Amino acid sequence: MYRVDINCDMGESFGAYRMGSDEEILSYVTSANIACGFHAGGPAVMRSTVDMALEKGVAIGAHPGLPDLEGFGRRNMDITPREAYDMVVYQIGALYGFVKASGGRMQHVKPHGALYNMAAKNPGLSEGIAEAVYKVDPELILFGLSGSELVKAGEKIGLRTANEVFADRTYQIDGTLTSRREPDALITDTEQAVHQVVRMVKEKKVYTMQKQDINIQADTVCIHGDGAHALEFARTIRELLRQADVSVQAVGSK
């Protein structure tokens, strides 16, 4: 039996600005990555998103990013591994407080945006992030780009890891995601996205922009909550995975 988790980035509204369809999407995903205030979100949004996830029975994870509200955490910053450690500990702690106060438990940590992509290639940053997660709670699961330095750093320090793949992003031959600066970075056709997901889960392969297949491990599939097609993606992917005999469960479920 094939099995995969579906995760979504959530809680990314800020002040008067509303982003995503969090409440609706929570009906179709099994893990929620909740922004912790650095790239998006804030105390009220964090609390309400945690409560919605608990009500829907969706596993909760921290989604720490770079301190860049204006750029939504998607602009690279020249930070040290120690700075990455401090940022991640701080943000996990912030969300942990809300999860604990609402009677829940945290399942995982998934870095956001530029922090995630930098860590995918940078062993030093990856080790700083993995150390932060491990020292806060060694039972937490670290989500990272499939086959990346972040996954390797998590495994090295003794964390359980989840190799993450993307429904709505195209891939390069080295296993990295196509830069959002490129016009072909995003997949907007639902059928194409679903086909990519099913193939990654069942065949462990993805077709790259260089028109070659590469091997890939898919433990969890990301749907971007801020995407225009996020709700449609979530609903359709969940149903077609069921039709393809793929069980959809949170990574931390037994």
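## About the model

The structure is a predicted model, where local features need pLDDT of at least 70, side-chain atom pairs count only at pLDDT 80 or more, and totals for chains, interfaces and linings use all residues. Residues are numbered from 1 along each chain as its sequence is written, and side-chain values use heavy atoms, with hydrogens and water left out.

Let's start with H4, which spans residues 113-121 and has seven of its nine residues buried. Buried here means under 20% relative accessible area, with a 1.4 Å probe and protein chains only. Helices (H or I, at least four residues) and strands (E, at least two) are DSSP runs, numbered from the N terminus.

The buried set consists of Gly113, Ala114, Leu115, Tyr116, Met118, Ala119 and Ala120. Their cover includes the helices H3 (81-101), H5 (123-136) and H6 (149-157), along with the strands S5 (141-145) and S6 (160-166).

## How H4 meets H5

The axes of H4 and H5 come within 6 Å and cross at roughly 115°; axes are lines fitted to C-alpha atoms, for helices over the stretch in contact, and angles run from 0 to 180 degrees between N-to-C directions. H4 brings Leu115, Met118, Ala119, Ala120 and Lys121 to this contact, while H5 brings Pro123, Leu125, Ser126 and Ile129. Contact means heavy atoms within 4.5 Å.

Sorted by class, the H4 and H5 contact has seven nonpolar residues, one polar and one charged. Ala, Val, Leu, Ile, Met, Phe, Trp, Tyr, Cys and Pro count as nonpolar, Asp, Glu, Lys and Arg as charged, and the others, Gly among them, as polar.

## How H5 meets H6

H5 also packs with H6, at an angle of about 45° and with their axes 8 Å apart. That makes H5 oblique to H6, oblique being what is left once angles under 35 degrees (roughly parallel), over 145 (roughly antiparallel) and 65 to 115 (roughly perpendicular) are set aside.

On the H5 side, the contact is made by Pro123, Ser126, Glu127, Ile129, Ala130, Glu131 and Tyr134; on the H6 side, by Glu149, Leu150, Ala153, Gly154, Lys156 and Ile157. These residues divide into seven nonpolar, two polar and four charged.

## Cysteines

A search of the whole structure turns up zero disulfides, a disulfide being a pair of cysteine sulfur atoms within 2.5 Å. For Cys36, the closest cysteine sulfur is in Cys8, 15 Å away and too far for a bond. Cys36 is buried, with a relative accessible area of 6%.

For Cys222, the closest cysteine sulfur is in Cys8 as well, at 6.7 Å, too far for a bond. Cys222 counts as buried at 0% relative accessibility.

Terms used: Buried < 20%, exposed > 50% of the residue type's maximum accessible area, 1.4 Å probe, protein only.
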